[in-house]
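Work through the exercises below with the sequence and the structure side by side. Each task is followed by a solution in steps.

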Amino acid sequence: MDFALRPMLLETPRLTLSPTGPLDRDFFFALQSDPSVMAFVANNRTEAMIEDKFQQACLPWDKTAPQWLSLVVREKASNSPIGLHGFRCNWAHRQAELGFLFAPAFQGQGYAKEATLAIIALARDLGFHKLAAVVTSGNTPSAGLLEKCGFEREGVLKEHFLLNGRWHDDWHYGLLLGQ
C-alpha cells in the first residue's frame, strides 16, 4: 500500500509523531507565534500567514509532491503536543529538506533528537537518498542536534537570509541515507 494512503504514526520510546490535523490548530498557532521558537526561523507572521501554513500542514501528504510532511510530536506520557517535525520533498532527486519546531519547555531534553532519528528512519524507509537542512547562523542548538544525528555541514551561504532586518548566513547540512 502506498505510504500516503495509510494512516501514519511514528513511535519512539517517549514520543508519537502523527499528521497535523484540525485539532492541532491551537498548538500550531502557539508555536508559530512564539518569538523564542521563531527567532531563527521567520519574521513575525500574521495570523493569516499562520492560518495558511496550518491549512497546508493539514493537507494529505504525498512524497512525490513538493509539500511539507507536517507531523505533530507528542510526549507519550502526557499525550501533549510538544513540537512539529517533518520534511519537504524533492522526489525527482530523492531528497527532502528537514524542519522542526519544539515548544521551549521541551527543548534540551533529547525530544528533538529522538523525533529526528525517527524522521531519518522514515525517510530511509521511503527510499530517499538524502536529507538536507538549513540552519540560520547563530542557531547552535539546531546545528548541534543535526550533527548529533549524523548530518554534516556542507556549506555556508553568506548573508543569505534576511531576518528581522538583519542578514544572516545559512548553514547547509546534509545526510546521505545510503539509497
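Predicted model: local features only at pLDDT ≥ 70, side-chain atom pairs only at ≥ 80, totals over all residues.

**Exercise 1. The neighbours of β5**

Task: Determine in which sense β5 pairs with β4 and in which sense β5 pairs with β6.

Solution. Strands of a sheet pair through backbone hydrogen bonds, in either a parallel or an antiparallel way. Step one: β4 (residues 80–90) and β5 (residues 95–102) are antiparallel, with eight bridges. Two facing positions can be located here: Phe87 is opposite Leu98 in β5, and Gly83 is opposite Phe102 in β5. Step two: the hairpin of β4 and β5 has four residues between the strands, and Arg94 takes a positive phi near 50° there. Step three: β5 pairs with β6 in the parallel sense, over three bridges. On this side, Ala96 stands opposite Leu131 in β6.

**Exercise 2. The span of a helix**

Task: Check whether the length of helix α4 agrees with its number of residues.

Solution. Step one: α4 covers residues 111–125, which is 15 residues. Step two: the expected span is 1.5 Å times one less than the number of residues, so α4 should span 21 Å. Step three: the end C-alpha atoms of α4 are 21 Å apart, which agrees. Step four: the buried residues of α4 include Tyr111, Glu114, Ile119 and Leu122; buried means under 20% relative accessible area. Just after α4, Gly127 has a positive phi of about 90°.

**Exercise 3. The largest pocket**

Task: Find which strand gives the largest share of the lining of the largest pocket.

Solution. Step one: the volume of the largest pocket is about 1500 Å³. Step two: 49 residues line the largest pocket, and the closest to its centre are Val41, Leu98, Gly99, Phe100 and Leu101. Step three: β5 supplies the largest share of the lining, six residues.

Terms used. Residues numbered from 1 in each chain as written. Heavy atoms only, no water. Buried < 20%, exposed > 50% of the residue type's maximum accessible area, 1.4 Å probe, protein only. Pairing = 2+ DSSP bridges. 1 Å grid on protein atoms, 1.4 Å probe; cavity = no way out; pocket = protein on both sides within 12 Å on 5 of 7 lines; lining within 4 Å. Points joined across faces, edges and corners; volume = space filled by probe spheres on them.
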